[in-house]
Amino acid sequence: MLKCAIVPVTAYQQNCSILVCEQTGKAAVVDPGGDVERIKQGLEQLGGTLEKVLLTHGHMDHCAAADDMRQEYGVPIVGPHKEDSFWIDKLPEWCQMAGFPRAEAFVPDQWLAEGDTVTVGEQTLKVRHCPGHTPGHVIFFHEGIRLAIVGDVLFQGSIGRTDFPMGDHDTLISSIQDKLWPLGDDVTFIPGHGPTSTFGQERRTNPFVSDSRFG
């Protein structure tokens, strides 16, 4: 149905995901923050033909190599939500400030919004707008294999930072409770950094968003 591989990239060890539709061999790369050669090797190992780049949000470690891949492969960049345009516009400044490899600002071919869908070959991913870490953060959910790619919204045992410009802690908590939990406790999620987990596991044990914390 849909094959998935995780390729950690950049000094931030950001989880770049590669999705391949088994019926068609078409592939999407989610959040290529850097290390393009490593991502290309992952694509070759999975046997996928890249058809698009998907972005959860505009932070450099998630999107700095997106335009490079768009130009090399001639594929569109899809996402994130337009509220993250200010992050992408300032990519060169953020990269310089952080000592990150330089990346130029770019404009995605398509912005995403709550309720949109995106395709990878014959497979469909649902889009949920989950602001808080950034105002334009989105997540991707495949119902068939019960997999969500959540960027920096939620981690195993933690949640995304909200001390960046236009971050908001209460909004992030609401995004997790209102947009992620209803997808189901059995959903496995790939976070932007660190190991995978399930929503059910985080509802039981995550000190920031567990059900027991909120009664």
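Analyst: Gladly, and please keep in mind throughout that this is a predicted model. Let us begin with Lys-26, which lies in strand β3, a strand that covers residues 26-30.

User: Is Lys-26 buried, exposed or partly exposed?

Analyst: Lys-26 has a relative accessible area of 34%, so the residue counts as partly exposed.

User: And which residues is Lys-26 in contact with, leaving aside its neighbours within four places in sequence?

Analyst: With those neighbours set aside, Lys-26 is in contact with Leu-19, Val-20, Cys-21, Thr-49, Glu-51, Val-120 and Gly-121.

User: OK, helices now. At what angle do α1 and α3 pack?

Analyst: Helix α1, residues 36-46, and helix α3, residues 66-73, pack at about 55 degrees, and their axes are 11 Å apart. An angle between 35 and 65 degrees falls in the oblique class, and α1 and α3 are therefore oblique to each other. Their crossing is right-handed.

User: Which residues make that contact?

Analyst: On the α1 side the contact is made by Val-36, Ile-39, Lys-40 and Leu-43, while α3 brings in Met-69, Glu-72 and Tyr-73. Sorted by class, the contact of α1 with α3 has five nonpolar residues and two charged ones, with no polar residues.

User: Switching to aromatics, how many pairs are there?

Analyst: The count comes to six aromatic pairs. In one of these, Trp-87 and Trp-94 are tilted, with 4.7 Å from centre to centre and 35 degrees between the planes.

User: Which of the classes, buried or partly exposed, does each of those two Trp residues fall in?

Analyst: Trp-87 is at 3% relative accessibility, so this residue counts as buried, whereas Trp-94 is partly exposed with a relative accessible area of 23%.

User: Why is the pair of Trp-87 and Phe-164 called edge-to-face?

Analyst: Their ring centres are 6.1 Å apart and the planes stand at 90 degrees, so the pair is edge-to-face; the cut-off for that class is over 60 degrees. Because Trp-87 lies in helix α4 (residues 85-89) and Phe-164 in the loop between β11 (158-159) and α6 (169-180), the pair ties together parts that are 77 residues apart in sequence. Phe-164 itself is partly exposed, at a relative accessible area of 26%.

User: Which residues form one aromatic cluster with Trp-87?

Analyst: Phe-86, Trp-94 and Phe-164 form one aromatic cluster together with Trp-87.

Technical notes: Residues are numbered from 1 along each chain as its sequence is written. This is a predicted model: local features need pLDDT of at least 70, side-chain atom pairs count only at pLDDT 80 or more; totals for chains, interfaces and linings use all residues. Side-chain values use heavy atoms; hydrogens and water are left out. Rings of Phe, Tyr and Trp (its six-membered ring) pair if their centres lie within 6.5 Å; planes under 30 degrees apart count as stacked, over 60 as edge-to-face and the rest as tilted. Buried means under 20% relative accessible area, exposed over 50%, partly exposed in between (1.4 Å probe, protein chains only). Helices (H or I, at least four residues) and strands (E, at least two) are DSSP runs, numbered from the N terminus. Axes are lines fitted to C-alpha atoms, for helices over the stretch in contact, and angles run from 0 to 180 degrees between N-to-C directions. Angles under 35 degrees count as roughly parallel, over 145 as roughly antiparallel, 65 to 115 as roughly perpendicular and the rest as oblique. A crossing is left-handed if the near helix is turned anticlockwise from the far one by less than a right angle, and right-handed if clockwise. Contact means heavy atoms within 4.5 Å. Ala, Val, Leu, Ile, Met, Phe, Trp, Tyr, Cys and Pro count as nonpolar, Asp, Glu, Lys and Arg as charged, and the others, Gly among them, as polar.
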